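Hello,

Here is the structure I promised to pass on. My notes follow below it.

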Amino acid sequence: MGMITDWPSLAACQNGDPDALFVQGAEQNVAKRICRSCPVRYECLADALDNRIEFGVWGGMTERERRALLRRHPQVTSWRKMFEAAMAKNAKEKAGKDKVLVTAAN
């Protein structure tokens with residue numbers, strides 16, 4: 001399963017106050033909590049990273065955290081593709097582990 005294209009309609013923050021995600025200081029930790037249980041957190045973060053969004057909390061990361069991530073990984077041209085590849089790899093590894101568990105149980 002790939003990432004969702006129409007992610008904003010499924011975001012945990014969709015019905016909240018949008019200004020709550022554009023705060024500074026300690027209030028950013030409150031804003032990041034909204035993202036923790038969001039079903040489209042990685043889609044949101046990928047969008048913010050790919051589009052170099054400078055302000056607000058997106059995908060559970062502050063602008064400072066996103067800038068640091070971008071500096072650490074300048075070779076990444078598409079965060080969306082990178083996250084999709086990581087999700088596919090994790091799903092494949094999980095399926096392999098589940099298969100081993102079933103085989104071992106028999």
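The protein chain has four helices and zero strands. From the N terminus on, the elements run α-α-α-α. Helices (H or I, at least four residues) and strands (E, at least two) are DSSP runs, numbered from the N terminus.

Two points on the source. This is a predicted model, so local features need pLDDT of at least 70, side-chain atom pairs count only at pLDDT 80 or more, and totals for chains, interfaces and linings use all residues. Residues are numbered from 1 along each chain as its sequence is written, and side-chain values use heavy atoms, with hydrogens and water left out.

**Whole chain**

Of the 106 residues, 31% count as buried. Buried means under 20% relative accessible area, exposed over 50%, and partly exposed in between (1.4 Å probe, protein chains only). The chain exposes about 7600 Å², and carbon and sulfur atoms supply 57% of that. Areas come from the Shrake-Rupley method with a 1.4 Å probe; for residues, only the protein chains shown count as cover. Take the contacts (heavy atoms within 4.5 Å) between residues at least 6 apart in sequence: 54% of them join residues at least 24 apart.

**Aromatics**

The structure holds three aromatic pairs. In one of them, the ring centres of Tyr42 and Phe83 lie 5.9 Å apart with the planes at 75°, so this pair is edge-to-face. It links distant parts of the chain: Tyr42 sits in helix H2 (residues 41-50) and Phe83 in helix H4 (residues 79-105), 41 residues apart. The pairing rule covers rings of Phe, Tyr and Trp (its six-membered ring) with centres within 6.5 Å; planes under 30 degrees apart are stacked, over 60 edge-to-face, the rest tilted. Phe83 is buried, at 14% relative accessible area. Tyr42 is partly exposed, at 47%. Tyr42, Trp79 and Phe83 form one aromatic cluster.

**The segment before H1**

Ser9 lies in the segment before helix H1 (27-36). Ser9 is partly exposed because its relative accessible area is 34%. Its side chain reaches the backbone oxygen of Asp6 at 3.0 Å.

Thr5 counts as exposed, at 67% relative accessibility. C-alpha to C-alpha, Thr5 and Cys44 are 9.9 Å apart in space and 39 residues apart in sequence.

Best wishes

Notes: A polar contact is a pair of N or O atoms within 3.5 Å; within protein, one must be able to donate a hydrogen and the other to accept it, and residues adjacent in sequence count only if both atoms are side-chain atoms.
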